Amino acid sequence: MAEASATEVDPFTAVESLRAALDQVGIVLPSLAVDPATPSLHLVELGRVRADVAMRLARALQQGSPMT
């Protein structure tokens, strides 16, 4: 599967997809949002999280299958 370029991905869709995926593993990033300061760059703001949440996120990523 070909990866979409940054300008082809709607940042709002990306935020909702990431929020749903994180929710499936019990992780909430309260500051997860589209970065309004740079709309042309399609940036997603992940925000800051507590260390325990960062560890849970790391474990969830390590347990997932690699993207192809």
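Guide: A residue is called buried under 20% relative accessible area, exposed over 50%, and partly exposed in between, with a 1.4 Å probe and protein chains only. The structure is a predicted model, in which local features need pLDDT of at least 70, side-chain atom pairs count only at pLDDT 80 or more, and totals for chains, interfaces and linings use all residues. Residues are numbered from 1 along each chain as its sequence is written, and side-chain values use heavy atoms, with hydrogens and water left out.

Visitor: Why does R19 count as partly exposed?

Guide: R19 has a relative accessibility of 34%, so it counts as partly exposed, given that this class runs between the limits of 20% and 50%.

Visitor: What makes E16 and R19 a salt bridge?

Guide: The closest N and O atoms of E16 and R19 are 2.8 Å apart. A salt bridge requires a side-chain nitrogen of Lys or Arg within 4 Å of a carboxyl oxygen of Asp or Glu, so the pair qualifies. E16 and R19 both lie in helix α1, three residues apart, about one turn of the helix. E16 is partly exposed because its relative accessible area is 46%.

Visitor: How many salt bridges does the rule give?

Guide: The count comes to two salt bridges. One of them joins the side chains of D52 and R50, at 2.9 Å from N to O. D52, at 37% relative accessibility, counts as partly exposed, whereas R50, at 55%, counts as exposed.

Visitor: Which secondary structure pattern does the protein chain follow?

Guide: Read along the sequence, the chain has the pattern α-β-β-α, that is, two helices and two strands. These elements are DSSP runs numbered from the N terminus: helices are H or I with at least four residues, and strands are E with at least two. Helix α1 covers 11-24, while strands β1 and β2 cover 33-34 and 44-45.

Visitor: Why is F12 called exposed?

Guide: F12 has a relative accessible area of 55%, and it is therefore exposed. F12 is placed in helix α1. Its C-alpha lies 7.8 Å from that of A33, although F12 and A33 are 21 residues apart in sequence.

Visitor: Why does L32 count as buried?

Guide: L32 has 5% relative accessibility, so it counts as buried. L32 lies in the loop between α1 and β1. Neighbours within four places in sequence aside, L32 is in contact with V15, L18, R19, V44, E45 and L46, where contact means heavy atoms within 4.5 Å. L32 and E45, 13 residues apart in sequence, are 5.6 Å apart from C-alpha to C-alpha.

Visitor: Which residues make up the largest nonpolar core?

Guide: Six residues form this core: V15, L22, I27, L29, L32 and V53. A nonpolar core is a set of buried Ala, Val, Leu, Ile, Met, Phe, Trp, Tyr and Cys residues joined through side-chain atoms within 4.5 Å. I27 touches L22, V53, R56, L57 and A60, leaving aside its neighbours within four places in sequence. For the chain as a whole, 12% of the 68 residues count as buried.

Visitor: What is the accessibility of S31, and why is it called partly exposed?

Guide: S31 has a relative accessible area of 36%, so it is partly exposed. S31 also has its place in the loop between α1 and β1. Beyond residues up to four places away in sequence, S31 touches E45, L46, G47 and R48. The C-alpha atoms of S31 and R48 are 7.0 Å apart, across 17 residues of sequence.

Visitor: Where is D35 found, and how far away is the nearest side chain of opposite charge?

Guide: D35 is in the loop between β1 and β2. D35 is buried yet has no salt bridge, and the nearest side chain of opposite charge is R19, 14 Å away. By the charge rule, Lys and Arg count as positive and Asp and Glu as negative, while His and the chain ends are not counted. The side chain of D35 does reach the backbone nitrogen of A37 at 3.1 Å. Apart from neighbours within four places in sequence, D35 is in contact with L43, V44 and E45.

Visitor: What is the phi of H42?

Guide: H42 has a positive phi of about 55 degrees although it is not a glycine. H42 is found in the loop between β1 and β2. Its relative accessible area is 25%, so H42 is partly exposed.

Note on methods
Polar contact = N/O pair within 3.5 Å; in protein donor to acceptor, adjacent residues only side chain to side chain.
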